[in-house]
Amino acid sequence: MYENLTAVVIFIFLYIVISGRLQKTPINGAFFFILFGLIASPLGLGFINVNIDAEELRTLAEVTLALVLFTDASNANLSVLKKVFYIPGRLLLIGLPLTILFGFAAGLILLPNLTFLEIAILATMLAPTVRLWVKLWLQIMLYHLL
């Protein structure tokens, strides 16, 4: 357990050291954390092995979600949000349902072995993350164009 914690702490420290330089690149922190997870997992080099049951995984997911939501909320500029409150409303009332519908349509085409319910659940779960992947893709494309 301590080996796993040590590896994660070392990675976080190294990320903090280079995070200032990363702001000038199209690659964001989420990409590095995902990459570290893949490299450290049994699918990669396998130096982090975590035996976790379903209840512990659920608790970890809930804590992670709470931290992500808190971080996003704490970075919000309330004075700007009060002036342009209609934009988040449009995103939630128009953009998110359309993203779910497009995700469902893509799932019907790309995942023919899944049921309609499974595709709908998958589209609903992935819809909030689409923004991050589109942003990363656009940043990479702009980086190569400039």
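Predicted model: local features only at pLDDT ≥ 70, side-chain atom pairs only at ≥ 80, totals over all residues.
Now the fold. We have seven helices and zero strands. Reading from the N terminus, the order is α-α-α-α-α-α-α.

Next, overall dimensions. The radius of gyration is 19 Å. Along the principal axes, the C-alpha atoms fill a box of roughly 45 × 45 × 35 Å.

What about burial? Of the 146 residues, 11% are buried. And contacts? Take those with a separation of 6 or more: 42% of them join residues 24 or more positions apart.

On to charge. The protein carries 8 positive and 7 negative charges. Their mean positions lie 26 Å apart.

Side chains of opposite charge can pair when their charged atoms come close. How many salt bridges are there? The count is one. The partners are R58 and E62, and their closest N and O atoms are 3.0 Å apart. That falls within the 4 Å cut-off, so the pair counts as a salt bridge.

Where does this pair sit? Both residues belong to helix α3, which covers residues 54–74. They are four residues apart there, so about one helical turn separates them. As for exposure, R58 is exposed, at 52% relative accessible area. E62 is partly exposed, at 45%.

Terms used: Residues numbered from 1 in each chain as written. Heavy atoms only, no water. Helix = DSSP H or I, 4+ residues; strand = E, 2+ residues; numbered from the N terminus. Rg over C-alpha atoms; globule rule 2.2 N^0.38 Å. Buried < 20%, exposed > 50% of the residue type's maximum accessible area, 1.4 Å probe, protein only. Contact = heavy atoms within 4.5 Å. Lys, Arg positive; Asp, Glu negative; His and termini not counted. Charge placed at Lys NZ, Arg CZ, Asp CG, Glu CD. Salt bridge = Lys/Arg side-chain N within 4 Å of Asp/Glu carboxyl O.
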